[in-house]
Amino acid sequence: MAAFVLPFEKPVVELVTRVRELRALAEQDRQFLPELRRLEEKAGRLAKELFSDLSAWQKVQLSRHPNRPYTLDYIGHLFDEWLELHGDRSFGDDAAIVCGLARYRGRSVVVVGHQKGRGAKDNVKRNFGMPHPEGYRKACRMYELASRFGMPILTFIDTPGAYPGIGAEERGQSEAIGACLAAMARARVPVIATIIGEGGSGGALALGVANRVQVLEYGTYSVISPEGCASILWKDGNKADEAAERLRMTAPDLLRLRVVDRVVEEPAGGAHQDAAAAAKLVDAALHTTLTELLAKSPDQLVDDRYERFRSLGAFVG
Amino acid sequence: MPWPTRKRGGLDAHEKTSLGKGVFRKCDGCGETLTAEALHETFEVCPQCGQHHKLSAARWRDLILDDGKLEVWDAGLEPTDPLSFADGKPYPDRVAASQRSSKAKEAIEIGAGSINGVRVAYGAFLFSFMGGSMGSVVGEKVTRLFERGAAQRLPVVLLQASGGARMQEGILSLMQMAKTVAARERLRDAGVPFVSVLLHPTTGGVAASFAFLGDVNVAEPGALIGFAGPRVIETTIRQKLPEGFQRSEFLLDHGMIDRITSRLEMKQELGLLLGHLVLTTPLRARSSRRLPEVDD
Ligand SMILES: [Zn+2]
(Lines give C-alpha, C1' and ligand atoms only; values in the text may rest on other atoms or scores of the structure.)
Protein backbone atom coordinates (compact mmCIF):
# COMPACT_ATOMS: atom_id res chain seq x y z
CA MET A 1 0.00 0.00 0.00
CA ALA A 2 1.50 3.34 -1.04
CA ALA A 3 2.04 5.57 1.97
CA PHE A 4 -0.02 8.71 1.91
CA VAL A 5 0.48 11.38 4.51
CA LEU A 6 -1.80 14.34 5.12
CA PRO A 7 0.08 17.52 6.08
CA PHE A 8 -1.34 17.67 9.59
CA GLU A 9 -0.59 14.06 10.42
CA LYS A 10 3.14 14.36 9.57
CA PRO A 11 4.47 14.65 13.14
CA VAL A 12 2.27 11.77 14.30
CA VAL A 13 3.30 9.60 11.38
CA GLU A 14 6.98 10.22 12.19
CA LEU A 15 6.41 9.13 15.78
CA VAL A 16 4.45 6.05 14.81
CA THR A 17 7.09 5.12 12.26
CA ARG A 18 9.84 5.34 14.89
CA VAL A 19 7.84 3.07 17.18
CA ARG A 20 7.39 0.61 14.36
CA GLU A 21 11.13 0.58 13.62
CA LEU A 22 12.01 0.10 17.26
CA ARG A 23 9.47 -2.71 17.51
CA ALA A 24 11.21 -4.50 14.66
CA LEU A 25 14.52 -4.07 16.46
CA ALA A 26 13.08 -5.27 19.75
CA GLU A 27 11.84 -8.42 18.09
CA GLN A 28 15.45 -9.29 17.29
CA ASP A 29 17.05 -8.00 20.47
CA ARG A 30 15.20 -7.89 23.77
CA GLN A 31 17.44 -5.17 25.17
CA PHE A 32 15.38 -2.64 23.18
CA LEU A 33 12.18 -3.68 24.95
CA PRO A 34 12.24 -1.13 27.78
CA GLU A 35 12.94 1.67 25.33
CA LEU A 36 10.17 0.40 23.07
CA ARG A 37 7.68 0.51 25.94
CA ARG A 38 8.83 4.06 26.77
CA LEU A 39 8.52 5.23 23.20
CA GLU A 40 5.14 3.52 22.69
CA GLU A 41 3.77 5.25 25.75
CA LYS A 42 5.23 8.60 24.69
CA ALA A 43 4.02 8.22 21.09
CA GLY A 44 0.55 7.34 22.24
CA ARG A 45 0.41 10.39 24.48
CA LEU A 46 1.88 12.74 21.86
CA ALA A 47 -0.35 11.40 19.12
CA LYS A 48 -3.34 11.99 21.34
CA GLU A 49 -2.19 15.51 22.05
CA LEU A 50 -1.48 16.29 18.40
CA PHE A 51 -4.88 14.90 17.36
CA SER A 52 -6.78 16.35 20.29
CA ASP A 53 -7.94 19.47 18.52
CA LEU A 54 -8.31 18.33 14.95
CA SER A 55 -10.86 20.36 13.04
CA ALA A 56 -13.97 18.70 11.67
CA TRP A 57 -12.50 19.00 8.19
CA GLN A 58 -9.28 17.27 9.24
CA LYS A 59 -11.34 14.43 10.67
CA VAL A 60 -13.24 14.22 7.38
CA GLN A 61 -9.89 13.83 5.63
CA LEU A 62 -8.89 11.08 8.06
CA SER A 63 -12.21 9.30 7.48
CA ARG A 64 -11.36 9.29 3.77
CA HIS A 65 -7.70 8.45 4.20
CA PRO A 66 -6.61 6.16 1.35
CA ASN A 67 -4.63 3.96 3.76
CA ARG A 68 -7.55 3.51 6.13
CA PRO A 69 -8.67 -0.08 6.73
CA TYR A 70 -11.72 -0.95 4.66
CA THR A 71 -14.48 -3.49 5.20
CA LEU A 72 -12.51 -6.42 3.75
CA ASP A 73 -9.57 -5.55 6.03
CA TYR A 74 -11.82 -5.74 9.09
CA ILE A 75 -13.37 -8.94 7.79
CA GLY A 76 -9.87 -10.44 7.58
CA HIS A 77 -9.10 -9.50 11.18
CA LEU A 78 -12.46 -10.16 12.84
CA PHE A 79 -13.93 -13.25 11.27
CA ASP A 80 -13.25 -16.86 10.35
CA GLU A 81 -14.80 -18.93 7.58
CA TRP A 82 -15.58 -15.85 5.49
CA LEU A 83 -17.68 -16.73 2.47
CA GLU A 84 -18.54 -13.86 0.16
CA LEU A 85 -21.97 -14.01 -1.51
CA HIS A 86 -22.67 -12.14 -4.71
CA GLY A 87 -25.46 -10.66 -6.76
CA ASP A 88 -28.89 -9.10 -6.49
CA ARG A 89 -30.66 -11.86 -8.50
CA SER A 90 -32.08 -9.38 -10.97
CA PHE A 91 -29.37 -7.30 -12.58
CA GLY A 92 -25.83 -7.81 -11.39
CA ASP A 93 -23.24 -7.80 -8.67
CA ASP A 94 -22.01 -4.55 -7.20
CA ALA A 95 -18.46 -4.64 -5.88
CA ALA A 96 -19.02 -1.41 -3.94
CA ILE A 97 -20.88 -3.49 -1.35
CA VAL A 98 -19.50 -6.77 -0.09
CA CYS A 99 -21.76 -9.28 1.61
CA GLY A 100 -21.26 -12.70 3.01
CA LEU A 101 -21.36 -15.23 5.79
CA ALA A 102 -18.72 -15.42 8.46
CA ARG A 103 -18.03 -16.80 11.87
CA TYR A 104 -17.66 -14.31 14.67
CA ARG A 105 -16.55 -15.72 18.01
CA GLY A 106 -18.04 -19.06 17.07
CA ARG A 107 -21.32 -17.70 15.80
CA SER A 108 -22.47 -17.46 12.18
CA VAL A 109 -23.19 -13.89 11.17
CA VAL A 110 -24.13 -12.01 8.02
CA VAL A 111 -21.70 -9.26 7.08
CA VAL A 112 -22.59 -6.36 4.81
CA GLY A 113 -20.18 -3.51 4.13
CA HIS A 114 -19.29 -0.78 1.70
CA GLN A 115 -15.99 -1.48 -0.01
CA LYS A 116 -13.67 1.17 -1.38
CA GLY A 117 -10.85 0.31 -3.73
CA ARG A 118 -7.16 0.32 -2.98
CA GLY A 119 -5.46 2.16 -5.85
CA ALA A 120 -6.83 3.35 -9.20
CA LYS A 121 -7.70 0.02 -10.80
CA ASP A 122 -9.38 -1.41 -7.73
CA ASN A 123 -11.26 1.83 -7.24
CA VAL A 124 -12.79 1.59 -10.69
CA LYS A 125 -14.00 -1.90 -9.81
CA ARG A 126 -15.34 -0.71 -6.45
CA ASN A 127 -16.63 2.56 -7.87
CA PHE A 128 -14.91 4.39 -4.99
CA GLY A 129 -17.32 2.71 -2.60
CA MET A 130 -20.38 4.30 -4.21
CA PRO A 131 -23.02 1.62 -4.69
CA HIS A 132 -25.58 1.20 -7.44
CA PRO A 133 -29.09 -0.17 -6.82
CA GLU A 134 -27.88 -3.74 -7.33
CA GLY A 135 -25.54 -3.29 -4.36
CA TYR A 136 -28.43 -2.25 -2.16
CA ARG A 137 -30.63 -5.06 -3.48
CA LYS A 138 -27.87 -7.53 -2.63
CA ALA A 139 -27.70 -6.05 0.88
CA CYS A 140 -31.47 -6.31 1.15
CA ARG A 141 -31.32 -9.97 0.21
CA MET A 142 -28.74 -10.50 2.96
CA TYR A 143 -30.84 -8.77 5.62
CA GLU A 144 -33.71 -11.06 4.75
CA LEU A 145 -31.50 -14.13 4.69
CA ALA A 146 -30.05 -13.26 8.09
CA SER A 147 -33.50 -12.75 9.52
CA ARG A 148 -34.71 -16.04 8.07
CA PHE A 149 -31.88 -18.08 9.54
CA GLY A 150 -31.40 -16.22 12.79
CA MET A 151 -27.97 -14.80 12.12
CA PRO A 152 -26.89 -11.45 13.57
CA ILE A 153 -26.21 -8.74 10.99
CA LEU A 154 -22.95 -6.82 11.25
CA THR A 155 -22.54 -3.93 8.84
CA PHE A 156 -19.55 -1.73 8.06
CA ILE A 157 -20.28 1.73 6.74
CA ASP A 158 -17.77 3.50 4.51
CA THR A 159 -19.11 5.34 1.49
CA PRO A 160 -19.08 8.84 0.03
CA GLY A 161 -22.72 8.09 -0.87
CA ALA A 162 -24.90 6.14 -3.26
CA TYR A 163 -23.76 6.70 -6.84
CA PRO A 164 -25.54 9.52 -8.68
CA GLY A 165 -25.61 8.30 -12.28
CA ILE A 166 -27.90 7.46 -15.18
CA GLY A 167 -27.95 3.70 -14.69
CA ALA A 168 -28.46 4.11 -10.95
CA GLU A 169 -31.57 6.22 -11.54
CA GLU A 170 -32.86 3.93 -14.30
CA ARG A 171 -32.66 0.97 -11.96
CA GLY A 172 -34.26 2.72 -9.01
CA GLN A 173 -31.60 3.94 -6.61
CA SER A 174 -34.27 5.51 -4.39
CA GLU A 175 -36.41 2.40 -4.18
CA ALA A 176 -33.37 0.21 -3.54
CA ILE A 177 -32.26 2.34 -0.59
CA GLY A 178 -35.80 2.62 0.79
CA ALA A 179 -36.15 -1.16 0.57
CA CYS A 180 -32.91 -1.59 2.56
CA LEU A 181 -34.20 0.68 5.31
CA ALA A 182 -37.38 -1.40 5.44
CA ALA A 183 -35.59 -4.75 5.45
CA MET A 184 -33.26 -3.62 8.23
CA ALA A 185 -36.19 -2.32 10.27
CA ARG A 186 -37.89 -5.71 9.93
CA ALA A 187 -34.88 -7.91 10.70
CA ARG A 188 -35.65 -10.25 13.60
CA VAL A 189 -32.01 -10.57 14.64
CA PRO A 190 -29.44 -8.30 16.31
CA VAL A 191 -28.14 -5.63 13.93
CA ILE A 192 -24.95 -3.70 14.68
CA ALA A 193 -23.59 -1.02 12.34
CA THR A 194 -20.01 0.23 12.56
CA ILE A 195 -19.04 3.43 10.76
CA ILE A 196 -15.42 2.71 9.88
CA GLY A 197 -14.86 5.69 7.58
CA GLU A 198 -17.27 7.91 5.71
CA GLY A 199 -20.99 7.74 6.41
CA GLY A 200 -22.31 9.48 3.32
CA SER A 201 -26.03 10.15 3.53
CA GLY A 202 -28.79 7.75 2.42
CA GLY A 203 -26.24 5.50 0.77
CA ALA A 204 -24.72 4.95 4.21
CA LEU A 205 -28.01 4.73 6.09
CA ALA A 206 -29.03 1.77 3.90
CA LEU A 207 -26.55 -0.16 6.07
CA GLY A 208 -27.31 1.78 9.22
CA VAL A 209 -30.75 0.89 10.57
CA ALA A 210 -29.27 -1.04 13.47
CA ASN A 211 -30.02 -1.73 17.12
CA ARG A 212 -26.69 -0.16 17.94
CA VAL A 213 -24.56 2.12 15.81
CA GLN A 214 -20.92 2.66 16.65
CA VAL A 215 -18.50 5.01 14.97
CA LEU A 216 -14.73 4.95 14.91
CA GLU A 217 -13.03 7.94 16.49
CA TYR A 218 -12.31 9.54 13.11
CA GLY A 219 -15.37 8.29 11.30
CA THR A 220 -18.01 10.72 10.05
CA TYR A 221 -21.73 10.54 9.30
CA SER A 222 -23.64 13.24 7.49
CA VAL A 223 -26.80 14.02 5.55
CA ILE A 224 -24.69 15.62 2.80
CA SER A 225 -20.99 15.84 2.01
CA PRO A 226 -19.32 19.02 3.26
CA GLU A 227 -18.46 19.85 -0.36
CA GLY A 228 -22.09 19.43 -1.42
CA CYS A 229 -23.30 21.48 1.52
CA ALA A 230 -20.84 24.27 0.75
CA SER A 231 -21.77 24.39 -2.90
CA ILE A 232 -25.46 24.68 -2.01
CA LEU A 233 -25.02 27.23 0.76
CA TRP A 234 -22.25 29.39 -0.62
CA LYS A 235 -22.01 28.23 -4.22
CA ASP A 236 -18.43 27.39 -3.30
CA GLY A 237 -17.29 23.81 -2.81
CA ASN A 238 -14.00 25.13 -1.42
CA LYS A 239 -15.71 26.16 1.78
CA ALA A 240 -16.08 22.49 2.68
CA ASP A 241 -14.04 22.98 5.85
CA GLU A 242 -16.60 25.44 7.16
CA ALA A 243 -19.49 23.20 6.12
CA ALA A 244 -17.89 20.22 7.87
CA GLU A 245 -17.84 22.21 11.10
CA ARG A 246 -21.48 23.22 10.82
CA LEU A 247 -22.85 19.81 9.87
CA ARG A 248 -21.77 18.29 13.24
CA MET A 249 -20.64 15.17 11.48
CA THR A 250 -17.75 13.98 13.68
CA ALA A 251 -17.90 11.25 16.31
CA PRO A 252 -18.36 13.41 19.45
CA ASP A 253 -21.21 15.35 17.83
CA LEU A 254 -22.88 12.16 16.62
CA LEU A 255 -22.74 10.78 20.14
CA ARG A 256 -24.18 13.97 21.59
CA LEU A 257 -27.03 13.87 19.07
CA ARG A 258 -27.58 10.18 19.99
CA VAL A 259 -27.21 9.19 16.34
CA VAL A 260 -24.48 6.80 17.45
CA ASP A 261 -24.38 4.82 20.68
CA ARG A 262 -20.65 4.42 21.05
CA VAL A 263 -17.37 5.87 19.82
CA VAL A 264 -14.64 3.30 19.23
CA GLU A 265 -11.17 4.65 19.95
CA GLU A 266 -8.55 4.37 17.21
CA PRO A 267 -4.87 3.50 17.61
CA ALA A 268 -2.35 6.34 17.88
CA GLY A 269 -2.44 8.36 14.67
CA GLY A 270 -5.65 6.72 13.43
CA ALA A 271 -6.82 3.29 12.27
CA HIS A 272 -4.59 3.43 9.19
CA GLN A 273 -1.42 3.43 11.34
CA ASP A 274 -2.27 0.00 12.73
CA ALA A 275 -5.16 -1.86 11.12
CA ALA A 276 -4.77 -4.90 13.39
CA ALA A 277 -4.97 -2.76 16.52
CA ALA A 278 -7.97 -0.90 15.10
CA ALA A 279 -9.70 -4.22 14.42
CA LYS A 280 -9.00 -5.32 17.99
CA LEU A 281 -10.73 -2.23 19.33
CA VAL A 282 -13.68 -2.75 16.98
CA ASP A 283 -13.83 -6.39 18.04
CA ALA A 284 -14.05 -5.50 21.73
CA ALA A 285 -16.91 -3.06 21.08
CA LEU A 286 -18.74 -5.48 18.78
CA HIS A 287 -18.44 -8.32 21.25
CA THR A 288 -19.86 -6.33 24.15
CA THR A 289 -22.73 -4.99 22.09
CA LEU A 290 -23.59 -8.30 20.46
CA THR A 291 -23.60 -10.09 23.80
CA GLU A 292 -26.04 -7.55 25.14
CA LEU A 293 -28.33 -7.82 22.08
CA LEU A 294 -28.32 -11.63 22.05
CA ALA A 295 -30.26 -11.54 25.30
CA LYS A 296 -33.24 -10.04 23.47
CA SER A 297 -35.99 -11.97 21.69
CA PRO A 298 -36.70 -11.35 17.98
CA ASP A 299 -39.73 -9.20 18.88
CA GLN A 300 -37.70 -7.24 21.39
CA LEU A 301 -34.97 -6.64 18.82
CA VAL A 302 -37.43 -5.24 16.28
CA ASP A 303 -39.05 -3.04 18.94
CA ASP A 304 -35.69 -1.92 20.30
CA ARG A 305 -34.62 -0.80 16.83
CA TYR A 306 -37.95 0.93 16.30
CA GLU A 307 -37.67 2.87 19.53
CA ARG A 308 -34.05 3.77 18.87
CA PHE A 309 -34.91 5.63 15.67
CA ARG A 310 -38.36 6.70 16.85
CA SER A 311 -36.73 8.89 19.48
CA LEU A 312 -34.40 10.74 17.09
CA GLY A 313 -35.34 14.26 16.10
CA ALA A 314 -35.61 17.73 17.59
CA PHE A 315 -38.95 19.52 17.75
CA VAL A 316 -41.40 21.23 20.07
CA GLY A 317 -45.18 21.37 20.23
CA MET B 1 -62.56 12.87 -18.09
CA PRO B 2 -64.57 14.13 -15.16
CA TRP B 3 -63.65 17.70 -14.27
CA PRO B 4 -63.40 18.04 -10.50
CA THR B 5 -66.50 19.61 -9.08
CA ARG B 6 -66.03 22.95 -7.46
CA LYS B 7 -67.93 24.25 -4.52
CA ARG B 8 -70.85 26.29 -5.81
CA GLY B 9 -70.36 30.00 -5.70
CA GLY B 10 -66.86 29.91 -7.11
CA LEU B 11 -64.09 31.80 -5.42
CA ASP B 12 -64.61 33.21 -2.00
CA ALA B 13 -63.73 36.81 -1.24
CA HIS B 14 -60.35 35.93 0.24
CA GLU B 15 -59.34 33.84 -2.75
CA LYS B 16 -60.37 36.66 -5.08
CA THR B 17 -58.13 39.21 -3.41
CA SER B 18 -55.25 36.81 -3.18
CA LEU B 19 -55.59 35.89 -6.83
CA GLY B 20 -55.82 39.51 -7.91
CA LYS B 21 -58.28 39.82 -10.75
CA GLY B 22 -56.72 40.25 -14.13
CA VAL B 23 -53.37 38.71 -13.17
CA PHE B 24 -51.85 36.80 -16.05
CA ARG B 25 -49.45 33.89 -15.96
CA LYS B 26 -47.47 32.12 -18.63
CA CYS B 27 -47.85 28.35 -18.78
CA ASP B 28 -44.55 26.61 -18.02
CA GLY B 29 -45.40 24.02 -20.64
CA CYS B 30 -46.71 25.74 -23.77
CA GLY B 31 -46.04 29.37 -22.91
CA GLU B 32 -49.69 30.29 -23.38
CA THR B 33 -50.78 33.33 -21.38
CA LEU B 34 -53.51 32.34 -18.94
CA THR B 35 -55.36 34.22 -16.25
CA ALA B 36 -54.57 33.23 -12.70
CA GLU B 37 -58.29 32.69 -12.24
CA ALA B 38 -58.48 30.20 -15.08
CA LEU B 39 -55.53 28.25 -13.66
CA HIS B 40 -57.13 28.30 -10.24
CA GLU B 41 -60.30 26.80 -11.71
CA THR B 42 -58.34 23.91 -13.22
CA PHE B 43 -56.16 23.30 -10.17
CA GLU B 44 -53.14 24.78 -11.94
CA VAL B 45 -53.34 22.38 -14.86
CA CYS B 46 -52.93 24.18 -18.19
CA PRO B 47 -56.16 23.78 -20.22
CA GLN B 48 -54.09 24.05 -23.43
CA CYS B 49 -51.28 21.55 -22.90
CA GLY B 50 -52.04 19.78 -19.61
CA GLN B 51 -48.90 21.06 -17.87
CA HIS B 52 -49.20 20.49 -14.11
CA HIS B 53 -48.05 23.55 -12.18
CA LYS B 54 -47.45 23.43 -8.42
CA LEU B 55 -50.60 23.22 -6.35
CA SER B 56 -50.79 24.43 -2.75
CA ALA B 57 -51.60 22.03 0.07
CA ALA B 58 -54.87 23.89 0.64
CA ARG B 59 -55.90 23.33 -2.97
CA TRP B 60 -54.91 19.66 -2.79
CA ARG B 61 -57.30 19.30 0.12
CA ASP B 62 -60.07 20.87 -1.99
CA LEU B 63 -59.25 18.57 -4.86
CA ILE B 64 -58.81 15.24 -3.09
CA LEU B 65 -60.75 15.19 0.15
CA ASP B 66 -64.54 15.01 0.39
CA ASP B 67 -65.79 18.56 0.98
CA GLY B 68 -62.13 19.59 1.15
CA LYS B 69 -62.25 18.67 4.81
CA LEU B 70 -59.19 17.61 6.82
CA GLU B 71 -59.23 16.99 10.58
CA VAL B 72 -55.74 18.26 11.10
CA TRP B 73 -53.32 16.40 13.38
CA ASP B 74 -50.35 17.89 15.18
CA ALA B 75 -50.44 21.28 13.47
CA GLY B 76 -48.40 22.80 16.30
CA LEU B 77 -45.16 20.84 15.83
CA GLU B 78 -42.23 23.17 15.18
CA PRO B 79 -38.55 22.57 14.60
CA THR B 80 -35.81 23.54 17.02
CA ASP B 81 -32.21 24.17 16.07
CA PRO B 82 -30.26 21.09 17.19
CA LEU B 83 -27.12 22.00 15.24
CA SER B 84 -27.18 25.77 15.92
CA PHE B 85 -26.99 25.96 12.17
CA ALA B 86 -26.38 29.19 10.31
CA ASP B 87 -25.69 29.81 6.64
CA GLY B 88 -25.70 33.57 6.44
CA LYS B 89 -29.01 33.38 8.23
CA PRO B 90 -29.59 31.38 11.44
CA TYR B 91 -31.83 28.35 10.88
CA PRO B 92 -34.55 29.59 13.27
CA ASP B 93 -34.81 32.80 11.24
CA ARG B 94 -35.12 30.81 8.05
CA VAL B 95 -37.89 28.73 9.61
CA ALA B 96 -39.66 31.84 10.89
CA ALA B 97 -39.53 33.45 7.45
CA SER B 98 -40.98 30.30 5.87
CA GLN B 99 -43.69 30.17 8.51
CA ARG B 100 -44.66 33.78 7.77
CA SER B 101 -44.78 33.36 4.02
CA SER B 102 -46.51 29.95 4.03
CA LYS B 103 -48.74 30.51 7.10
CA ALA B 104 -47.85 26.97 8.16
CA LYS B 105 -45.61 25.69 10.93
CA GLU B 106 -43.82 23.14 8.80
CA ALA B 107 -43.49 21.47 5.41
CA ILE B 108 -46.27 18.89 5.80
CA GLU B 109 -49.85 18.68 6.93
CA ILE B 110 -51.42 15.46 8.14
CA GLY B 111 -54.83 14.47 9.38
CA ALA B 112 -57.95 12.41 8.78
CA GLY B 113 -60.33 12.92 5.90
CA SER B 114 -62.36 10.99 3.39
CA ILE B 115 -61.88 10.18 -0.27
CA ASN B 116 -65.13 9.21 -1.97
CA GLY B 117 -66.48 8.15 1.38
CA VAL B 118 -63.45 6.09 2.45
CA ARG B 119 -61.89 7.46 5.60
CA VAL B 120 -58.12 7.84 5.24
CA ALA B 121 -55.06 9.10 7.04
CA TYR B 122 -53.95 11.86 4.70
CA GLY B 123 -50.71 13.76 4.39
CA ALA B 124 -49.48 16.39 1.96
CA PHE B 125 -46.10 18.07 1.69
CA LEU B 126 -45.87 21.85 1.36
CA PHE B 127 -43.16 22.38 -1.20
CA SER B 128 -43.38 26.11 -0.58
CA PHE B 129 -42.02 25.53 2.93
CA MET B 130 -38.24 25.20 2.52
CA GLY B 131 -38.63 23.04 -0.57
CA GLY B 132 -40.71 20.46 1.28
CA SER B 133 -37.53 19.33 2.97
CA MET B 134 -37.71 16.62 5.64
CA GLY B 135 -36.33 17.57 9.03
CA SER B 136 -37.39 16.33 12.45
CA VAL B 137 -40.94 17.69 12.27
CA VAL B 138 -41.74 16.27 8.85
CA GLY B 139 -40.19 12.96 9.91
CA GLU B 140 -42.21 12.91 13.11
CA LYS B 141 -45.46 13.75 11.36
CA VAL B 142 -44.97 11.15 8.62
CA THR B 143 -44.19 8.62 11.34
CA ARG B 144 -47.35 9.54 13.25
CA LEU B 145 -49.34 9.32 10.02
CA PHE B 146 -48.24 5.72 9.53
CA GLU B 147 -48.63 4.86 13.22
CA ARG B 148 -52.16 6.25 13.39
CA GLY B 149 -53.01 4.64 10.09
CA ALA B 150 -52.01 1.32 11.65
CA ALA B 151 -53.71 1.94 15.01
CA GLN B 152 -56.98 3.20 13.52
CA ARG B 153 -56.81 0.96 10.46
CA LEU B 154 -56.98 3.94 8.11
CA PRO B 155 -55.35 3.58 4.72
CA VAL B 156 -52.57 6.14 4.31
CA VAL B 157 -52.60 8.47 1.32
CA LEU B 158 -49.48 10.63 1.22
CA LEU B 159 -48.81 13.33 -1.37
CA GLN B 160 -45.10 14.02 -1.66
CA ALA B 161 -43.21 16.99 -3.05
CA SER B 162 -39.81 17.39 -1.50
CA GLY B 163 -36.24 18.23 -2.35
CA GLY B 164 -35.10 15.70 0.24
CA ALA B 165 -33.62 15.77 3.70
CA ARG B 166 -33.28 19.18 5.36
CA MET B 167 -29.62 20.10 5.46
CA GLN B 168 -30.03 22.55 8.34
CA GLU B 169 -30.88 19.74 10.75
CA GLY B 170 -27.96 17.68 9.49
CA ILE B 171 -27.71 14.07 10.48
CA LEU B 172 -31.00 14.21 12.40
CA SER B 173 -32.75 14.76 9.07
CA LEU B 174 -31.09 11.63 7.72
CA MET B 175 -32.37 9.69 10.73
CA GLN B 176 -35.94 10.63 9.80
CA MET B 177 -35.61 8.35 6.77
CA ALA B 178 -35.08 5.33 9.01
CA LYS B 179 -37.77 6.39 11.47
CA THR B 180 -40.47 6.94 8.84
CA VAL B 181 -39.70 3.72 6.98
CA ALA B 182 -39.84 1.69 10.19
CA ALA B 183 -43.31 3.17 10.83
CA ARG B 184 -44.32 2.40 7.26
CA GLU B 185 -43.38 -1.23 7.91
CA ARG B 186 -45.65 -1.30 10.97
CA LEU B 187 -48.50 -0.19 8.72
CA ARG B 188 -47.60 -3.05 6.39
CA ASP B 189 -47.68 -5.50 9.29
CA ALA B 190 -51.11 -4.18 10.25
CA GLY B 191 -52.32 -5.02 6.72
CA VAL B 192 -53.39 -1.45 6.05
CA PRO B 193 -52.66 -0.02 2.59
CA PHE B 194 -50.33 2.87 1.78
CA VAL B 195 -50.86 4.76 -1.44
CA SER B 196 -47.86 6.90 -2.29
CA VAL B 197 -48.53 9.87 -4.56
CA LEU B 198 -45.40 11.39 -6.08
CA LEU B 199 -45.64 15.01 -7.14
CA HIS B 200 -43.12 17.35 -8.69
CA PRO B 201 -40.44 17.15 -7.40
CA THR B 202 -39.73 14.14 -5.18
CA THR B 203 -36.01 13.60 -4.71
CA GLY B 204 -33.29 12.80 -2.19
CA GLY B 205 -34.16 11.60 1.28
CA VAL B 206 -37.91 11.48 0.72
CA ALA B 207 -37.55 9.54 -2.54
CA ALA B 208 -35.04 7.18 -0.90
CA SER B 209 -37.22 6.40 2.10
CA PHE B 210 -41.00 5.91 2.07
CA ALA B 211 -41.92 7.45 -1.32
CA PHE B 212 -41.36 4.25 -3.29
CA LEU B 213 -42.62 1.95 -0.56
CA GLY B 214 -46.28 2.43 -1.33
CA ASP B 215 -48.40 -0.65 -1.90
CA VAL B 216 -49.22 1.40 -4.97
CA ASN B 217 -47.09 4.28 -6.25
CA VAL B 218 -48.84 6.90 -8.37
CA ALA B 219 -47.16 9.92 -9.96
CA GLU B 220 -48.40 13.08 -11.60
CA PRO B 221 -47.37 13.53 -15.24
CA GLY B 222 -44.04 15.22 -15.83
CA ALA B 223 -42.91 15.18 -12.22
CA LEU B 224 -39.18 15.07 -11.49
CA ILE B 225 -38.60 12.00 -9.32
CA GLY B 226 -35.26 10.53 -8.39
CA PHE B 227 -32.53 9.94 -5.89
CA ALA B 228 -29.94 12.48 -7.03
CA GLY B 229 -30.75 15.86 -8.47
CA PRO B 230 -30.07 16.28 -12.20
CA ARG B 231 -27.33 18.83 -11.60
CA VAL B 232 -25.46 16.54 -9.23
CA ILE B 233 -25.63 13.75 -11.81
CA GLU B 234 -24.46 16.01 -14.63
CA THR B 235 -21.51 17.18 -12.54
CA THR B 236 -20.61 13.60 -11.64
CA ILE B 237 -20.81 12.04 -15.09
CA ARG B 238 -19.77 15.19 -16.98
CA GLN B 239 -22.44 14.90 -19.64
CA LYS B 240 -25.87 16.33 -20.31
CA LEU B 241 -28.83 14.25 -19.27
CA PRO B 242 -31.27 13.05 -21.91
CA GLU B 243 -34.64 14.77 -22.33
CA GLY B 244 -37.25 13.42 -19.94
CA PHE B 245 -34.69 11.84 -17.61
CA GLN B 246 -36.12 11.22 -14.10
CA ARG B 247 -39.58 12.35 -15.19
CA SER B 248 -42.67 10.31 -14.28
CA GLU B 249 -42.84 8.80 -17.77
CA PHE B 250 -39.21 7.63 -17.44
CA LEU B 251 -40.03 6.03 -14.10
CA LEU B 252 -43.07 4.27 -15.53
CA ASP B 253 -40.91 2.95 -18.39
CA HIS B 254 -38.38 1.62 -15.92
CA GLY B 255 -40.96 -0.06 -13.74
CA MET B 256 -40.62 2.17 -10.69
CA ILE B 257 -44.21 3.39 -10.42
CA ASP B 258 -47.59 1.81 -10.99
CA ARG B 259 -49.37 4.62 -12.74
CA ILE B 260 -49.19 8.16 -14.02
CA THR B 261 -52.37 9.95 -13.15
CA SER B 262 -53.47 13.41 -14.17
CA ARG B 263 -54.24 15.67 -11.26
CA LEU B 264 -57.74 16.09 -12.58
CA GLU B 265 -58.37 12.37 -12.34
CA MET B 266 -56.44 11.85 -9.11
CA LYS B 267 -59.41 11.78 -6.78
CA GLN B 268 -61.36 9.39 -8.94
CA GLU B 269 -58.38 7.03 -9.23
CA LEU B 270 -57.58 7.16 -5.55
CA GLY B 271 -61.22 6.35 -4.90
CA LEU B 272 -61.02 3.35 -7.21
CA LEU B 273 -57.77 2.17 -5.64
CA LEU B 274 -59.12 2.46 -2.12
CA GLY B 275 -62.24 0.64 -3.24
CA HIS B 276 -60.10 -2.30 -4.32
CA LEU B 277 -57.74 -2.23 -1.39
CA VAL B 278 -60.11 -1.43 1.46
CA LEU B 279 -63.72 -2.01 0.62
CA THR B 280 -63.17 -5.47 -0.73
CA THR B 281 -63.97 -8.69 1.15
CA PRO B 282 -60.76 -10.61 1.68
CA LEU B 283 -60.75 -14.25 0.63
CA ARG B 284 -59.58 -15.14 4.11
CA ALA B 285 -58.65 -13.22 7.17
CA ARG B 286 -55.29 -11.57 6.63
CA SER B 287 -52.71 -13.73 8.28
CA SER B 288 -49.85 -12.16 10.10
CA ARG B 289 -47.83 -15.33 10.36
CA ARG B 290 -44.39 -14.53 11.52
CA LEU B 291 -41.11 -16.25 11.00
CA PRO B 292 -40.36 -19.07 13.39
CA GLU B 293 -38.70 -17.97 16.60
CA VAL B 294 -34.97 -18.38 16.61
CA ASP B 295 -33.02 -19.82 19.49
CA ASP B 296 -29.58 -18.47 20.20
ZN1 LIG C 1 -49.73 24.97 -21.31
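**Exercise 1. Find out whether strand β1 of chain A (residues 80-85) is buried or in the open.**

Start with the rule: a residue is buried if 20 or more other C-beta atoms, placed from the backbone, lie within 10 Å of its own, exposed if 12 or fewer, and partly exposed in between. Strands are DSSP runs of E with at least two residues, and helices are runs of H or I with at least four, numbered from the N terminus. Of the six residues of β1(A), zero are buried, so the strand lies largely in the open.

A word on the model: it is predicted, so local features need pLDDT of at least 70 and side-chain atom pairs pLDDT 80 or more, while totals for chains, interfaces and linings use all residues. Residues count from 1 along each chain as written, with chains lettered from A and ligands numbered from 1 in written order.

**Exercise 2. Identify the strand that pairs with β1(A).**

Pairing takes at least two DSSP bridges. Four bridges link β1(A) to β2(A) (residues 97-104), and the two run antiparallel. Along β2(A), A:Arg103 is the bridge partner of A:Asp80.

**Exercise 3. Describe the side of chain A that touches chain B.**

Count contacts first, meaning C-beta atoms, placed from the backbone, within 7 Å: 50 residues of chain A meet 52 of chain B. Next, look for the top contributor: α8(A) gives the most, with nine residues.

Terms used:
Contact = placed C-beta atoms within 7 Å.
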